[in-house]
Amino acid sequence: MAIHFSAHGKTTLNVVDNIIILECEGPWNIEFFHLLHRQIYKAIKQCSPNNYAVLLIPLGETIGTPDTMDYHIDFLKKGNPCAVAVNLSRSNVPQSTEDLCHLAYGTAQLTHAFFTDNESALHWLKKNMR
């Protein structure tokens with residue numbers, strides 16, 4: 001018997017100039033990632049398919065379990081953003097979040113970098129777009 005939970009975590013998503021801006025409050029469970037992936041698919045449709053980037057702003061307890069990260073990595077491998085920037089300034093556990101994101105984006109072979117402000121992150125993303 002499968003057990004289903006409500007999503008743990010919240011997301012705010014905006015698209016500006018082919019950059020998907022995600023504010024994701026944790027902690028995150030698998031149900032959260034199901035919802036997040038649907039939102040990202042919709043957002044990608046608003047972008048140039050071969051020229052979009054992602055700014056992730058993790059909020060609060062920004063951690064996920066190994067099974068959630070495996071699921072998310074499989075999703076990441078199917079996408080093709082030019083780059084992913086992570087602003088760690090609002091995470092309560094920035095080093096753990098950086099380690100988790102580095103593992104996920106590195107495994108998916110996505111260009112990524114970490115920042116402590118949106119301005120620097122956006123500037124880097126724009127330089128990495130085609």
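The largest pocket is lined by 25 residues, and Ile40, His72, Phe75, Leu76 and Tyr105 are the ones nearest its centre. A pocket here is an open set of points on a 1 Å grid over the protein atoms alone, where a 1.4 Å probe fits, with protein on both sides within 12 Å along at least five of seven lines, and lining residues have an atom within 4 Å of a point. The model is predicted, so local features need pLDDT of at least 70 and side-chain atom pairs pLDDT 80 or more, whereas totals for chains, interfaces and linings use all residues. Residues are numbered from 1 along each chain, and side-chain values use heavy atoms, without hydrogens and water.

**The pocket**
- The space in the largest pocket comes to about 350 Å³.
- Two or more lining residues come from each of β2 (19–28), α1 (30–44), β3, α2 and α3, and α1 gives the most, with six residues.
- The lining divides into 22 nonpolar residues, two polar and one charged, where Ala, Val, Leu, Ile, Met, Phe, Trp, Tyr, Cys and Pro count as nonpolar, Asp, Glu, Lys and Arg as charged, and the others, Gly among them, as polar.

**Helix α3**
- Helix α3 covers residues 94–107, helices being DSSP runs (H or I) of at least four residues and strands runs (E) of at least two.
- Just after α3, glutamine 109 has a positive phi of about 60 degrees.

How values were computed. The expected span of a helix is 1.5 Å times one less than its number of residues. Grid points are joined across faces, edges and corners, and a volume is the space filled by probe spheres set on the points.
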